[in-house]
Structure formats: C-alpha cells, structure tokens
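Subject: Structure handover

Hello,

Here is the structure for your files. My notes on it follow below.

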There are 2 protein chains.
Amino acid sequence: MNSNTRPVADPRPAFVENPEQADQQQALGRRIITDGIRTVFLVGCGGSLAAYGPSVYTLDNRVPQLVVQAMNSDEFNYRKPAGLGPTSIVLVGSHTGTTAETVRAIDTAKAAGAESVVSLTSDPESPLATHADLAFTDRPTKWAWDPKEIAMARITQGILDAAGLAASGFDEALAALPADIPNVFADLDPALHRIAEDLATKPVTYALGSGPMEGMARAFAMFYMQEMLWRHAAAYNAGEFLHGPFEMTESQAPYLVLCGEDATRPMTDRALGFLNRYSEHVHVIDSREFRLAGVPDGVRAEIAPIVMSAVTTRLAQHLEAVLDHDLSTRRYMFSVEY
Amino acid sequence: MNSNTRPVADPRPAFVENPEQADQQQALGRRIITDGIRTVFLVGCGGSLAAYGPSVYTLDNRVPQLVVQAMNSDEFNYRKPAGLGPTSIVLVGSHTGTTAETVRAIDTAKAAGAESVVSLTSDPESPLATHADLAFTDRPTKWAWDPKEIAMARITQGILDAAGLAASGFDEALAALPADIPNVFADLDPALHRIAEDLATKPVTYALGSGPMEGMARAFAMFYMQEMLWRHAAAYNAGEFLHGPFEMTESQAPYLVLCGEDATRPMTDRALGFLNRYSEHVHVIDSREFRLAGVPDGVRAEIAPIVMSAVTTRLAQHLEAVLDHDLSTRRYMFSVEY
C-alpha cells in the first residue's frame with residue numbers, strides 16, 4: 001500500500017442506450033420464445049463471460065422451456081455442446097469485438113446450424129459485430145458500467161415477457177439506473193474506500209456470493225483484483241465456501257461478501273454468520289443498502305446484480321487509488337503473443 | 001515447509017464395487033433415456049459436488065436430449081430451478097450422507113414432483129440413503145479413490161448406451177482401474193513428491209484445467225489445498241486464466257496444470273505455452289503419461305478425469321508428508337456450528 005495515495009478517479013459514466021437497440025434486444029428475447037428456441041448459449045471470455053451472470057440466474061430459475069448455458073469461448077469451440085444446433089441461439093460477447101476465440105465461436109455456431117448468432121460488443125466495425133447475424137453495439141459508452149449486462153437484461157425481459165413471466169417495473173428500473181447508481185456511489189464511497197485500504201494490506205482476498213452474486217464475486221476477484229490490480233484473490237459460492245475453503249479462515253484474513261436480495265440470500269447470511277465469528281476483516285456490500293429510488297421493490301432482486309457490478313467496479317477504482325496502480329495497465333494482455 | 005518431513009502415507013485403496021449396484025447404476029442411466037427424463041440435477045456440496053464433473057462434461061457434449069445441471073445443495077434448495085419437475089431426476093451426493101442441505105435437497109426435489117431422487121453416499125444407514133427413492137452406497141470403501149465418480153461413470157454409461165452413443169471398452173476400462181491406478185501412482189510418485197516440495201514453499205498455488213480437468217483443478221485447490229492442507233489456492237479454466245488471472249504471473253509463482261486427452265486439450269496447451277515463458281514453477285500432470293494398460297485407447301479421454309482425481313488425491317498425500325499436516329485435521333468442519 002502506497003502511503004501517498006492518488007485521488008480516486010471519477011466514477012465511470014452511466015451507460016447510454018441506443019433506444020432502437022433496446023427495442024431490438026427485447027424483440028430478440030421475445031423471438032427466442034415464440035420461435036421455440038430450446039438452448040441459448042452465452043459465449044465469451046473473462047469480463048464478457050461474467051456479464052451474462054445475472055441473466056443466467058434469472059432465466060435458469062424462471063423459464064422452464066429454455067436451457068441457458070454460459071461458456072468460455074474456446075470451451076464452446078472445442079466441445080461443440082450436444083445442445084447446439086438449429087434450435088439454438090448463440091450470443092457472443094467481447095468488449096473490443098476482436099477476441100480471437102470469441103470470433104471463432106461464430107463459425108462454431110454457424111457450422112452447427114445454430115438458428116442465429118448475436119454479438120454484444122462496443123465496436124460496430126469489429127469482426128464480432130460484422131460477422132454475426134445481428135449485432136448490439138454500445139459505443140460510445142466504452143467505459144460505462146455494464147453495457148453488456150444492460151443489453152442482456154433487455155433480452156431477458158423480452159424472454160420473460162413472451163413467456164408470460166415478466167415482472168412489471170423492470171423497464172422503469174433500467175431507465176432509473178443512470179440517475180440512481182451515482183447516488184449509490186455517493187452513499188458507499190466512504191465505505192468502499194475503507195474496504196480498499198484494508199484489502200490493500202492483505203496478501204490474498206476471498207470474495208463470496210450466492211445466486212447471481214457468485215458471478216459478481218468471481219468477476220471482482222479475477223478481473224479487478226488479479227487482471228487489473230495484480231493482487232491475489234479467489235472467489236467462492238457462499239455455500240461451497242463452507243464445505244472446504246472456510247477451513248483456512250483466520251482472524252486477519254479479509255473477506256468481501258456480496259449480498260443480494262434474491263432467493264439465495266440465506267446462503268450469504270450463513271457464511272457471514274461464520275465469518276463474523278472467525279475473521280476481523282469481513283467486508284460486506286449489501287444491495288439492501290443501495291438507494292435506488294427509481295427501482296420498484298418488485299424488481300430490486302433482479303436489478304441488484306447489475307448495480308453490484310457497478311459498485312465492485314467503483315471499489316476497484318478505490319483500490320486503484322490506494323494501491324497507486326492504474327486499472328488499465330497490463331503486463332501481458334494486448335502486449336505479448338499467447 | 002517442515003524439514004523433518006514425515007513418510008508419505010500409503011495410497012488409498014482401490015474402490016470395491018458392489019456388482020449388483022453397478023448393474024443398478026447402469027440400469028438407472030438407461031431408464032433416464034427410456035423414460036424421457038429431460039433434466040438431471042446433480043446436487044451436493046464440496047467434494048461431492050466436484051465428483052459429478054466428469055459425467056457432466058461427457059453428457060453435456062454428447063447427449064442432446066438431456067440437460068444436466070450440477071449445483072450446490074443450497075443453491076438448489078433456494079433457487080428451485082425452473083427445469084425441476086416431473087421430467088427431472090435428482091441425484092444427491094454426500095460422503096457421510098448427513099450433509100444437512102443435501103438431505104434437504106431430497107425434500108426440495110420431492111416437493112417439485114421430481115420423477116425420482118437417487119442418493120450417492122458411503123453410509124446405507126444415513127439420512128441421505130434412507131430418504132431417497134434409490135440409494136447407491138459405497139461402504140466399506142470409505143477412503144478409496146473416487147467411489148462417487150465410479151458410480152456416476154456407471155450411470156453415465158447407461159445413459160450413453162440407451163442413447164445409442166456408448167463407446168465400447170468403458171466397462172473394461174472401469175474394471176481395469178483397480179490394477180492400473182497403483183501403477184500410475186508408482187510411476188508418478190517421485191514427480192508428485194517434487195511438486196509437493198515446491199508448492200509447500202509458495203504462498204499461493206494456482207491450478208488450471210480445461211474441459212473435465214477444470215473441475216479436477218477446482219477440487220484440488222478448494223478441498224485438498226484449502227480444506228485439508230490450509231494453503232492458499234485458486235483454480236481456473238485454462239481459457240479464462242488467459243483473460244484475467246494470468247496478468248499476475250510471476251517467475252516464482254507456482255502453477256499446477258492438469259492436462260487431459262479430451263477435445264479441450266489445446267486450451268491447456270495454450271496456457272502452458274504462456275506459463276512456460278513467464279514462470280519457473282510450472283508443474284504439469286498429463287494424463288497422456290498415465291500407464292493404463294487395461295484402458296482401451298478409445299475411452300482414455302473419458303477415463304482420464306477419474307484417474308486424475310485419484311492422482312491429485314495422491315499429490316495431496318505427498319503434501320501431507322512434506323507439510324507435516326494431517327489431511328484429516330479440520331479447524332471448523334464437524335467441530336463448530338455454522
């Protein structure tokens with residue numbers, strides 16, 4: 001930890017949606033049901049794969065007629081899952097639109113006769129956007145929070161709508177986030193800075209979550225802590241944590257527990273009950289404390305992981321300041337062949 | 001690392017199958033297809049959840065009519081996945097047969113009207129065995145390698161058989177393992193000891209695998225390293241590793257890469273190509289080097305993860321000796337409430 005810490009960067013801007021694309025995303029979701037698609041493959045690497053998490057959770061728990069499978073791009077390419085075929089839609093996500101194995105996944109999908117391939121990327125000129133049957137592009141919001149999560153939320157809403165399962169208020173909630181998330185940041189910034197100061201002094205951080213928050217914990221550990229901040233970290237499902245990794249809980253070890261409002265909340269509460277007895281460095285980010293004035297209560301649980309993703313991004317910005325380590329610096333990515 | 005290391009324990013014994021149960025396991029597999037089961041849920045915690053890995057990989061890639069979903073027991077209980085219902089079979093696994101949330105999963109499954117609930121446990125008198133519709137019990141092989149993997153392999157063979165997809169030689173291979181695995185241990189013991197000596201000097205170990213070996217890497221990190229040896233560790237899919245965690249690769253950091261013979265092998269080879277350039281402590285366990293005289297070539301790829309599970313168990317025994325840390329010692333499990 002650097003004693004002369006740098007100032008915390010400004011929060012990333014809100015996503016700016018293209019209204020036409022938002023409509024197309026909902027229409028795609030509806031078509032998945034009305035066309036009788038059986039399997040939706042969600043393909044990508046790293047942060048792009050993690051961005052599918054909240055939608056996987058929602059669809060898996062609510063839409064019996066659909067199978068949703070998120071998979072690393074090369075796992076998809078080499079495995080060619082048995083469920084891939086004419087009743088599949090394949091979504092391919094890559095921020096730059098150039099990730100080689102994700103571009104190849106388009107060929108994998110087409111060779112297997114997938115009904116269609118849809119890309120999620122920031123760059124409409126990229127291979128991913130130009131080779132897919134349909135492309136959703138979020139430029140110019142390159143460094144906004146979670147444009148792919150928002151696109152997926154729109155698609156998911158279309159699916160729920162066509163399946164007769166849509167909760168009212170979701171569109172209203174998405175529309176409110178650009179105003180609400182800055183309030184969440186303003187409320188949490190002091191706490192996030194204290195968490196960053198503590199994590200910066202520790203050799204390894206463990207992040208925990210259940211349900212859709214497991215993926216948020218994993219993304220924080222793998223992409224913010226390891227990739228961007230070069231800090232040891234690992235993430236666990238809160239239930240699995242209590243069946244193995246918890247054995248090495250020590251009073252000085254730091255834990256970051258991401259709590260949501262979904263059905264699995266008792267799992268993180270149980271892990272917290274344990275951790276609070278045996279560690280003195282338990283940090284909690286609880287979506288119940290998110291001030292989301294424009295989000296109707298009935299859809300808070302579904303919106304919480306999207307907001308949590310933004311909040312962990314904000315935590316990373318605090319770590320960037322405390323560690324004096326730029327989030328955009330890479331040793332290997334984009335600079336060596338591998 | 002302890003300089004006065006203790007002797008390495010004898011390898012665990014081979015599993016001893018009950019032939020009648022082996023037949024029943026294959027029959028269950030066939031019935032899953034002939035009865036038109038749509039979704040098989042594989043439910044458990046920790047090592048019992050990990051034991052499903054090889055079968056999930058095989059079924060996911062080969063049986064288009066079936067959806068296979070492995071899930072932590074409480075995730076299953078709280079989420080009640082949409083695919084759970086009269087066309088589901090639920091397998092529940094627990095070594096002791098007493099894991100509370102796994103026992104509750106039987107109620108979750110029955111309340112949702114699952115076609116049947118099948119338990120995998122060592123104890124025929126346990127709640128898990130007595131409350132399920134059908135119980136497979138592996139007593140008296142309590143500390144053998146992988147009895148649950150073997151039971152799952154039998155069930156998987158039944159599924160493949162009924163689906164017209166069975167490769168010849170699988171039964172022959174399973175029958176050969178009790179003789180072949182000790183040969184693999186004898187060949188690899190010196191190398192495993194050297195790996196253990198190196199890992200024992202490092203603060204954190206990263207384990208990597210692709211396809212079915214990802215689960216083996218995860219089980220090694222979470223259950224052997226963390227739960228039993230109280231050592232920091234984390235595991236990654238080899239493809240995901242290159243999209244984040246690899247940024248903190250350093251010359252002195254240790255990596256354990258588990259290589260299989262399945263379709264995803266190029267993914268671990270790619271990660272190895274990177275690691276061998278930037279780390280001086282890359283350890284490889286490659287199933288191609290397993291001396292498996294009784295395993296026909298055509299089924300080596302499917303058998304490899306079962307053998308790898310036994311080999312990582314053996315590596316843990318070497319770590320037990322080098323670290324002078326008993327594998328059966330627990331701080332919290334079975335001794336405090338949580």
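How many salt bridges does a search of the whole structure find over all chains? The search gives 40. Please keep in mind that this is a predicted model.

One is formed by the side chains of A:R79 and B:D60, at 2.9 Å from N to O. A:R79 sits in helix α4 (residues 73-79) of chain A and B:D60 in helix α3 (residues 53-62) of chain B, so this pair joins two chains. The other is formed by the side chains of A:E302 and A:R62, at 3.0 Å from N to O.

Next, the domains of chain A. The chain is divided into domain 1 (19-162) and domain 2 (180-323). Where they touch, domain 1 of chain A contributes 14 residues and domain 2 of chain A contributes 16 residues. The C-alpha centres of these two domains are 26 Å apart.

Between domain 1 and domain 2 of chain A, about 1100 Å² is buried, and carbon and sulfur atoms give 71% of that area. On the domain 1 side, A:P54, A:Y57 and A:W145 lose the most area to domain 2 of chain A; together they make up 49% of what that side buries.

On the side of domain 1 of chain A that touches domain 2 of chain A, at least two residues each come from α2 (47-50), α3 (53-62) and α7 (147-162) of chain A. Helix α7(A) gives the most to that side, with 5 residues. Sorted by class, this side of domain 1 of chain A has 7 nonpolar, 4 polar and 3 charged residues.

Last, the relation between the chains. Chain A is superposed on chain B by a rotation of 180° with 0.0 Å of shift along its axis, and the RMSD is 0.0 Å. The two copies are therefore related as by a two-fold rotation axis. In chain A, the C-alpha nearest the axis belongs to A:A234, at 2.9 Å from it. Both copies use the same surface: 100% of the contact residues of chain A recur in chain B.

Regards

Terms used:
Residues are numbered from 1 along each chain as its sequence is written. Chains are lettered from A and ligands numbered from 1 in the order in which they are written. This is a predicted model: local features need pLDDT of at least 70, side-chain atom pairs count only at pLDDT 80 or more; totals for chains, interfaces and linings use all residues. Side-chain values use heavy atoms; hydrogens and water are left out. Domain bounds come from an automatic or database domain assignment. Contact means heavy atoms within 4.5 Å. Buried area is the accessible area (1.4 Å probe) that two parts lose on being put together, summed over both. A salt bridge is a side-chain nitrogen of Lys or Arg within 4 Å of a carboxyl oxygen of Asp or Glu. Helices (H or I, at least four residues) and strands (E, at least two) are DSSP runs, numbered from the N terminus. Ala, Val, Leu, Ile, Met, Phe, Trp, Tyr, Cys and Pro count as nonpolar, Asp, Glu, Lys and Arg as charged, and the others, Gly among them, as polar. Copies are superposed by least squares on the C-alpha atoms of residues with pLDDT of at least 70 in both.
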